[in-house]
Amino acid sequence: MKHFLLAGAAVWAVFTAPALAADLDPAKIAEHVKILASDEYEGRGPATAGETKTVAYITEQYKAAGLKPGGDLVDGQRSWTQDVPLARFENKGPVAVSVTAAGKAQTWTQGEQIALRPAQNGAARVTVKDAPVVFVGYGVKAPERNWDDFKGADLKGKIALVLVNDPDFETGKGDFGGKAMTYYGRWTYKFEEAARQGAVGFLVIHETAPASYGWATVKNSNTNSQFDIIRKNPSDAHALVEGWIQRDNTVELFKAAGLDFDALKAQAQSREFKPVELKGVTFSTDYAVDVQKIVSKNVVGMVPGAKRPGETIIYSSHWDHIGVGLPDAKGDKIYNGAVDNADGVATMIEIGRAFAKGPAPERSVVFLAVTAEEKGLLGSEYYAANPLYPVATTVANINMDALSPTGPAKDFTTSGDAASTLQDALIAVGKAKGRYYTPDPRPEAGSFFRSDHFPFAKRGVPAISFGSGRDLVNGGRAAGDAFAKVYTAERYHQPADEFDTSWNLEGMAQDGQLMFELGRQLANSATWPEWKAGSEFKQTRDATAAQRK
């Protein structure tokens, strides 16, 4: 995920000044984005014709940039890709949904009142008849915080309604670190907890502010194909029903049960909260699910290190987007993903070109274009669990996702607070280039857990996900914030995220140059970035310290 973004009305510039050897070319970035985000690539959905075209294009551009293949070993030689085996789940046919409240039955429409994901627990059909409905607050069980929203409630056979984000979100204070989201606030955690609690399923109550995006994003992201890693026991990780429900419809169900949604939401911000059954409310649904095993691809290029090739810096960016999905008001079904994330891949290709054409780095530098980020960081998770280059001697991961096409910015940011000397190094590089660091402007959105650096961080690798700044050279922060607001509301995870010839990609090239310089310094250094004291990732990294001597 992405925290800035926006396709705005900045003017595309023509650059005539001679570029320095390592400068990134905005025109090259633009050409990559234009191609990858074209309708021909069909939204770059994994396991589609769009993937085949995308993998072929990135491979071709890696070759043209002068990179070497860095993927799976085939007959003793590195190939250009890493196989990523996945399970694919798709709803087949109509999705029937109804609720009964106060004796009255209501028929709901998939994508309107509710967004149900295809079951990922291995079921070929989802059939739920008149399941009782229970409100479980934020659905958090955190022993280290002495917090348990379930209080021993038996959820077997029941549908639970759960709030998105953390109990601290509304007040900005409490046991979960204030506004900054913890993993307990992520919808992914809510669904994992549903399986652990033995519920028929969880429906996450959508509210724009705590979710950090509107209903259109929820609808488009959850009603199409879903993917997961291959699991021996998928029901251990997934309940039968996983989905989202509109806030207004939730409020109506509460009223029918004689309950006050806002009052119970306020109660849920306390550790004393107990689950509340919505008496007289039941939920039913019926739909078929198609389950297939597929193999997607990470695309991997590299520049071998000249002195310490076994030490690796990894740049990453996800190539996938949503593919073809529900039509928008104009009838457009192709989710092109220009900002998210054709521009990240485009910038990474050009960073690779800069490395390949420059002096050979002392350490190896890898360029990892990962699959299935939009399905839950699956390509990066697979790589981190099955690394092509040892995690212990991976120096750092520098991820880029949804850079801004709004022109040069005075500042830059990261997704969340990495609490590492790697982030300090990034800030220092930016300062040397006359730019300043702005902390994640929306820590409550949980961006640290929503981009492909997270699987690396979980395994101890110092990792950051770079974000474009909002303090624009032309228009200042007001213009940057306005662009971000419009993008999130009108383009993010919608067919409107398309390439725009009016974009000014000079700022994107400058972002890429900053990331290049950070990687170049790391690649020609013998130092190892570290997590700072108090980081939840420090202990994991320190356990492999002997391998970095």
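Rings of Phe, Tyr and Trp (the six-membered ring of Trp) are taken as a pair if their centres lie within 6.5 Å, with planes under 30 degrees apart counted as stacked, over 60 as edge-to-face and the rest as tilted. The structure is a predicted model, in which local features need pLDDT of at least 70 and side-chain atom pairs count only at pLDDT 80 or more, while totals for chains, interfaces and linings use all residues. Residues are numbered from 1 along each chain as its sequence is written, and side-chain values use heavy atoms, with hydrogens and water left out.

By this criterion, 30 aromatic pairs were found in a search of the whole structure. In one of them, the ring centres of Y62 and W80 are 6.2 Å apart and the planes meet at 40°, so the pair is tilted. Y62 belongs to helix α2 (residues 49-65), whereas W80 is in the loop between β3 (77-78) and β4 (81-101), 18 residues apart; helices (H or I, at least four residues) and strands (E, at least two) are DSSP runs numbered from the N terminus. Both Y62 and W80 are buried, where buried means under 20% relative accessible area, exposed over 50%, and partly exposed in between (1.4 Å probe, protein chains only). The rings of Y183 and Y189 have centres 6.3 Å apart and planes at 70°, so this pair is edge-to-face. Y183 is partly exposed at 27% relative accessibility, and Y189 is buried at 4%. One aromatic cluster is formed by W147, F176, Y183, Y184, Y189, F448, F449, F454, W531 and F537.

Charged side chains also lie over aromatic rings, under the criterion that NZ of Lys or CZ of Arg is within 6 Å of the ring centre and within 35 degrees of the ring normal. K179 is placed over the face of F169, at 4.1 Å from the ring centre. For R363, the charged end sits over the ring of W528, 4.7 Å from its centre.

Y189 is also among the buried residues of α3 (187-197). In α3, nine of the 11 residues are buried. The buried residues of α3 pack against β8 (141-142), β10 (159-163), β11 and β13, with contact meaning heavy atoms within 4.5 Å. Just after α3, G198 has a positive phi of about 75°. In helix α5 (residues 215-222), seven of the eight residues are buried, so α5 is largely enclosed by the rest of the structure. These buried residues are W215, T217, V218, K219, N220, S221 and N222. Their packing partners are β6 (114-116), β11 (201-206), β12 (226-229), β13 (241-246), β17 (334-335) and α12 (476-490).

A pocket is defined on a 1 Å grid over the protein atoms alone, as an open set of points where a 1.4 Å probe fits, with protein on both sides within 12 Å along at least five of seven lines; lining residues have an atom within 4 Å of a point. The largest pocket holds about 910 Å³ of space. Its lining comprises 40 residues, of which Y183, W187, T188, K375 and G376 lie nearest the centre. The lining divides into 16 nonpolar, nine polar and 15 charged residues, where Ala, Val, Leu, Ile, Met, Phe, Trp, Tyr, Cys and Pro count as nonpolar, Asp, Glu, Lys and Arg as charged, and the others, Gly among them, as polar.

Several backbone features were noted. A419, in the loop between β20 (411-414) and α10 (421-432), has a positive phi of about 50° although it is not a glycine. A419 is partly exposed at 27% relative accessibility. Beyond its neighbours within four places in sequence, A419 contacts W531, K532 and S535. The C-alpha atoms of A419 and F537 are separated by 9.6 Å, the two residues being 118 residues apart along the chain. A402, in the loop between β19 (394-400) and β20, likewise is not a glycine and has a positive phi of about 60°. A402 is buried, with a relative accessible area of 3%. The peptide bond from D340 to N341 is cis, with omega near 10°, and N341 lies in helix α8 (residues 338-357).

Notes. Points joined across faces, edges and corners; volume = space filled by probe spheres on them.
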